[in-house]
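Here's a quick tour of one model, taken a piece at a time. Have a look at it first, then read on.

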Amino acid sequence: IKKKQQDVVRFLEANKIEFEEVDITMSEEQRQWMYKNVPPEKKPAQGNPLPPQIFNGDRYCGDYDSFFESKESNTVFSFLGLKPRLASK
């Protein structure tokens, strides 16, 4: 889990995307909010969804696997609900 979280954070920092990292192990309220806001079709058959779960405000973007797929297909900005940035020259 930690490696996946670091991968997401590194990408966001490298692309200068503002974000708030929430440690659900330290806040029962945040953990319950995450569990409640992950769509039913994205929840595991048993247990609760594991971090990292990615949100843009209250909008659910996806889990790490979805993030990784969007990174591989160069569609992370749309995955995050952000406007793509133009490549700088």
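## Two loop residues

Let's start with Glu41, which sits in the loop between H2 and E1. Helices (H or I, at least four residues) and strands (E, at least two) are DSSP runs, numbered from the N terminus. With a relative accessibility of 64%, Glu41 counts as exposed; the cut-offs are under 20% relative accessible area for buried and over 50% for exposed, with partly exposed in between (1.4 Å probe, protein chains only). Glu41 and Leu82 are 41 residues apart in sequence, and C-alpha to C-alpha they are 23 Å apart in space.

Gln46 is also placed in the loop between helix H2 (28–37) and E1. Its relative accessibility is 72%, so Gln46 counts as exposed. From Gln46 to Phe77 it's 31 residues in sequence and 31 Å in space, C-alpha to C-alpha.

## What the model is

This is a predicted model, where local features need pLDDT of at least 70 and side-chain atom pairs count only at pLDDT 80 or more, while totals for chains, interfaces and linings use all residues. Residues are numbered from 1 along each chain as its sequence is written, and side-chain values use heavy atoms, with hydrogens and water left out.

## The two sides of H3

Now for helix H3, where Tyr64, Ser66, Phe67 and Ser70 are buried. Looking down the axis of H3, you'd find its buried residues within an arc of 160°, so they line one face of the helix (the arc is that of the directions from the helix axis to the C-beta atoms). Those buried residues pack against H1, strand E1 (53–56), strand E2 (59–63) and helix H4 (76–79).

Neighbours within four places in sequence aside, Ser70 is in contact (heavy atoms within 4.5 Å) with Thr75, Val76 and Phe79.

## H1 against H3

How do H1 and H3 cross? The axes of helix H1 (residues 2–14) and helix H3 (residues 64–72) come within 11 Å and cross at roughly 45°. That makes H1 oblique to H3; angles under 35 degrees count as roughly parallel, over 145 as roughly antiparallel, 65 to 115 as roughly perpendicular and the rest as oblique.

On the H1 side, the contact is made by Lys4, Asp7, Val8 and Phe11, and on the H3 side by Tyr64, Asp65, Phe67 and Lys71.

Terms used
Axes are lines fitted to C-alpha atoms, for helices over the stretch in contact, and angles run from 0 to 180 degrees between N-to-C directions.
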